[in-house]
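Student: I would like to learn how to read the features of a protein structure, step by step. Could we begin with the place where chains meet?

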Protein chains: 2
Amino acid sequence: MTSRDQILSLFRLNFGEFVSGQEISSELNISRAAVWKQVKLLRELGFEIDAQRSRGYRLLSGPDVLLSAEIERGLQARTIGRSLLCLDRLDSTNAKVRQLAEEGAEGGTVVIADRQSAGRGRLGRRWESPPSVNLYCSILLRPQIPVQQAPQLTFLSAVAVAETLNHLYQLSARVKWPNDILVGGAKIAGLLNEVNAETEQIHFVVLGVGINLNMTAAQFPDELLYPATSVLLEQGTAIDRTAFVQAFLQRLDGYYQEFLAEGFVPIRRRWEALCDLLNTPVEVDQNPGRLQGTVIGLDSDGALRVQLDNGKVERVLAGDVRPVGQT
Amino acid sequence: MTSRDQILSLFRLNFGEFVSGQEISSELNISRAAVWKQVKLLRELGFEIDAQRSRGYRLLSGPDVLLSAEIERGLQARTIGRSLLCLDRLDSTNAKVRQLAEEGAEGGTVVIADRQSAGRGRLGRRWESPPSVNLYCSILLRPQIPVQQAPQLTFLSAVAVAETLNHLYQLSARVKWPNDILVGGAKIAGLLNEVNAETEQIHFVVLGVGINLNMTAAQFPDELLYPATSVLLEQGTAIDRTAFVQAFLQRLDGYYQEFLAEGFVPIRRRWEALCDLLNTPVEVDQNPGRLQGTVIGLDSDGALRVQLDNGKVERVLAGDVRPVGQT
């Protein structure tokens with residue numbers, strides 16, 4: 001953590017109360033002039049900090065900045081979050097984690113960015129990433145599984161996102177094959193998972209997660225491919241992002257441990273229970289052609305199982321799936 | 001191509017005949033002093049070059065160096081070899097192609113190294129890579145297929161290697177699941193294929209191929225995990241590496257076009273026809289446990305299908321497979 005983040009963390013722990021410059025100086029082992037410099041920087045970032053010569057500093061208000069020390073406090077995960085990095089701005093958290101992975105970072109490494117300048121969704125689509133409101137997060141995993149099983153981790157992360165939203169905020173989030181999370185038909189989160197592997201063994205997987213938390217209606221771009229929403233829009237009030245991140249990483253870690261011990265079956269059951277289109281007549285645009293049928297479940301490699309009218313079961317590995325009649 | 005490689009190519013085209021300094025100088029558009037400098041460099045690399053003031057230069061003998069212009073001459077591939085790079089020395093051709101892929105290189109890019117300082121086989125095992133005798137080659141592909149199908153390309157490249165060896169030299173090369181090529185039970189080639197993908201779509205695949213061509217018995221390390229051989233050891237005479245590379249890339253391209261048009265089925269049939277252990281009782285060491293059964297074929301995702309004594313069919317995705325009784 002930087003000195004700035006350490007001071008901010010200290011202010012937040014004592015929110016509304018004065019902390020003396022001397023106290024900060026000795027806690028962080030920096031000079032009082034350095035403390036003052038950091039306070040000025042924080043003010044420039046939009047933090048309202050009261051400074052009184054006799055009493056010290058107190059935080060009155062400020063943007064919602066995620067701090068790794070605050071997330072780590074109370075996080076009891078076995079793998080995920082072993083190493084946790086919160087950064088102001090990145091091109092894309094996936095690209096950063098890929099780079100760390102190439103450099104040998106350990107499985108469980110998590111990178112969070114306050115904003116992304118080139119956030120990406122699946123198939124290279126743009127992912128809106130305004131600052132200080134949402135969660136843009138990538139997680140490095142190094143499971144010893146063959147590459148054919150890598151897509152299973154996409155469904156694992158989808159379940160963790162949807163269940164965390166439902167558990168914390170009583171939303172009715174559903175999962176949309178292969179990597180979206182919807183509330184009332186509008187997209188609230190998306191996953192972009194990448195794998196780097198040889199034939200028999202994965203080198204690493206990057207789970208990329210974008211979740212709309214405190215995003216306001218005005219912050220969505222005018223032209224969206226799909227309707228979108230956020231927890232704020234669903235609930236009417238802003239949520240505590242730190243508490244969300246902790247709950248999400250904790251749940252993700254739990255499912256990951258279960259996956260390592262028991263394989264994909266328990267995750268598949270949970271995913272099917274959350275699936276928006278199970279037992280629903282659907283159309284699938286494929287290249288070439290289109291098929292119609294009813295979604296009957298998920299296959300062990302992540303293919304969507306669609307039963308045609310003639311009873312035959314097709315396995316869908318790619319394509320856009322939608323209810324019959326919806327364009 | 002470098003000036004050195006251009007001069008070498010010119011010498012080879014006129015093998016044993018004199019080429020005047022003036023001719024080389026105007027063909028390559030370099031000074032006659034530069035020609036002389038390159039000739040000196042080639043001599044340092046072990047080329048025996050006769051130089052006579054009145055007649056020019058002629059190549060008498062030299063190490064077998066692969067040149068991209070010579071490989072490209074006569075190569076009629078649609079995708080593979082569009083861009084072809086022959087280098088003296090690399091850590092690993094796979095690493096180089098991965099780097100080119102990240103920088104946006106097109107599908108079909110081929111990199112060949114005369115020697116590798118850190119050649120790798122599957123699961124991080126070392127691959128012996130002495131200079132000027134074998135083929136160390138990596139091929140970049142960008143097919144639009146889901147990640148679950150990526151392992152199919154391993155079997156495609158295995159078939160292309162084995163059939164090129166059998167066709168050119170009347171060997172009886174067989175394929176060993178998942179990525180070895182054997183002659184008489186000894187390893188003659190190995191594949192190390194890597195994939196970089198998101199859930200639904202591949203970013204790129206690197207087909208890494210190491211084939212023992214003119215390697216002598218003395219060039220194999222004393223301690224080998226498996227018995228190994230080379231075309232030279234099988235045939236008793238050295239082969240023309242350039243002709244081999246051309247035939248291999250041509251065949252690989254043909255199967256790749258077929259794969260794009262018709263999918264995996266034709267490749268699977270060829271692979272099964274070449275499989276060393278089809279219909280053979282085998283043991284498979286897995287982690288944890290071991291299974292015994294009979295190999296009955298290859299599954300559409302590259303899993304080996306093994307029928308147990310009770311009739312049940314197991315899909316093997318990872319593990320060492322060997323005939324019963326062999327250790």
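Student: What is the area buried between chain A and chain B, and what share of it do carbon and sulfur atoms give?

Tutor: The size of an interface is often given as the accessible area lost when the parts come together. In this predicted model, the area buried between chain A and chain B is about 2500 Å², and carbon and sulfur atoms give 50% of that area. In chain A, the residues that lose the most area to chain B are Gln148(A), Thr199(A) and Glu200(A), which together make up 27% of what that side buries.

Student: How many residues does the contact take from chain A and from chain B?

Tutor: Chain A gives 27 residues to the contact, and chain B gives 27 residues.

Student: Which strand gives the most to the side of chain A that touches chain B?

Tutor: That is strand S8 of chain A, residues 186-198, which gives seven residues to this side. When the side of chain A that touches chain B is sorted by class, it has 10 nonpolar, 11 polar and six charged residues.

Student: In which sense do S8(A) and strand S8 of chain B pair?

Tutor: Strands of a sheet pair through backbone hydrogen bonds, either parallel or antiparallel. Here S8(A) and strand S8 of chain B, residues 186-198, pair in the antiparallel sense over five bridges. To find the place in the picture, look for Asn196(A), which stands opposite Asn196(B) in S8(B).

Student: Where are salt bridges found, if we search the whole structure?

Tutor: Over all chains, the search finds 36 salt bridges. One of the pairs to look at is Arg98(A) with Glu194(A), whose side chains meet in a salt bridge at 2.7 Å, N to O. This pair links distant parts of the chain, since Arg98(A) lies in helix H5 of chain A (residues 93-102) and Glu194(A) lies in strand S8 of chain A, 96 residues apart.

Student: What is the order of the strands in the open sheet of five strands in chain B?

Tutor: The order is S13-S12-S11-S10-S14 in chain B, and the pairing is antiparallel. Strand S13 (313-316) and strand S14 (320-323) of chain B stand at the edges with a single partner strand each, so one side of each has no neighbour in the sheet. If direction is ignored, neighbouring strands of this sheet are turned by 45° against each other on average. Within the sheet, strand S10 (residues 281-285) and strand S11 (residues 290-298) of chain B pair in the antiparallel sense over five bridges, and the bridge partner of Glu283(B) in S11(B) is Gln292(B).

Student: What is the strand order of the open sheet of five strands in chain A?

Tutor: In chain A the open sheet has the order S13-S12-S11-S10-S14, with antiparallel pairing. Its edge strands are S13 (313-316) and S14 (320-323) of chain A, each of which pairs on one side only.

Student: How many residues stand between S1(A) and S2(A) in their hairpin?

Tutor: Three residues stand between S1(A) and S2(A) in this hairpin. Strand S1 (residues 48-52) and strand S2 (residues 56-61) of chain A pair in the antiparallel sense over five bridges, and Asp50(A) stands opposite Arg58(A) in S2(A).

Methods. Residues are numbered from 1 along each chain as its sequence is written. Chains are lettered from A and ligands numbered from 1 in the order in which they are written. This is a predicted model: local features need pLDDT of at least 70, side-chain atom pairs count only at pLDDT 80 or more; totals for chains, interfaces and linings use all residues. Side-chain values use heavy atoms; hydrogens and water are left out. Contact means heavy atoms within 4.5 Å. Buried area is the accessible area (1.4 Å probe) that two parts lose on being put together, summed over both. Helices (H or I, at least four residues) and strands (E, at least two) are DSSP runs, numbered from the N terminus. Ala, Val, Leu, Ile, Met, Phe, Trp, Tyr, Cys and Pro count as nonpolar, Asp, Glu, Lys and Arg as charged, and the others, Gly among them, as polar. Two strands pair if DSSP finds at least two bridges between them. Axes are lines fitted to C-alpha atoms, for helices over the stretch in contact, and angles run from 0 to 180 degrees between N-to-C directions. A salt bridge is a side-chain nitrogen of Lys or Arg within 4 Å of a carboxyl oxygen of Asp or Glu.
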